[in-house]
Amino acid sequence: MGTEIKIQYEEAEAALSKLRQSVDSWDTSFPKEIGGANKLEVINKLNELNEQCQKMLETYQELLLDNQQTSKQSVEDMEDTDQSLHSMISMG
């Protein structure tokens with residue numbers, strides 16, 4: 001079995017940290033009300049679309065943050081496992 005998985009832990013953690021910073025800095029806000037007292041149907045529809053877009057971006061942001069956290073935990077778990085196996089092999 002000559003297959004080996006090599007993980008560059010520092011690079012993976014740096015990339016995940018950069019992803020987290022990028023997602024945290026997103027501005028997902030859309031204008032709440034455009035058109036003021038204007039009651040044109042197109043203005044009402046545009047306001048509805050802005051609200052839907054904002055909700056979609058907020059949901060996407062949450063998913064990315066969850067994915068980033070899960071990936072970070074996986075990298076940490078693999079590093080712990082790698083160190084445990086190294087210790088067991090060194091002792092044996």
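Arginine 20 is partly exposed, at a relative accessible area of 31%; partly exposed sits between buried, under 20%, and exposed, over 50%, with a 1.4 Å probe and protein chains only. This is a predicted model, where local features need pLDDT of at least 70, side-chain atom pairs count only at pLDDT 80 or more, and totals for chains, interfaces and linings use all residues. Residues are numbered from 1 along each chain as its sequence is written, and side-chain values use heavy atoms, leaving out hydrogens and water.

Arginine 20 pairs with aspartate 24 in a salt bridge, the closest N and O atoms being 3.2 Å apart. The rule is a side-chain nitrogen of Lys or Arg within 4 Å of a carboxyl oxygen of Asp or Glu. Both sit in helix H1, four residues apart, so about one helical turn separates them. Aspartate 24 is partly exposed too, at 44%.

By this rule there are two salt bridges. Glutamate 51 and lysine 55 form one at 3.3 Å, N to O. They are four residues apart in helix H2. Glutamate 51 has a relative accessible area of 45%, and lysine 55 has 47%.

Now the helices, which are DSSP runs of H or I with at least four residues, numbered from the N terminus. The axes of H1 (residues 9–24) and H2 (residues 41–91) come within 10 Å and cross at roughly 165°. Axes are lines fitted to C-alpha atoms over the stretch in contact, with angles from 0 to 180 degrees between N-to-C directions. H1 and H2 are therefore roughly antiparallel, the term for angles over 145 degrees.

How values were computed. Helices (H or I, at least four residues) and strands (E, at least two) are DSSP runs, numbered from the N terminus. Angles under 35 degrees count as roughly parallel, over 145 as roughly antiparallel, 65 to 115 as roughly perpendicular and the rest as oblique.
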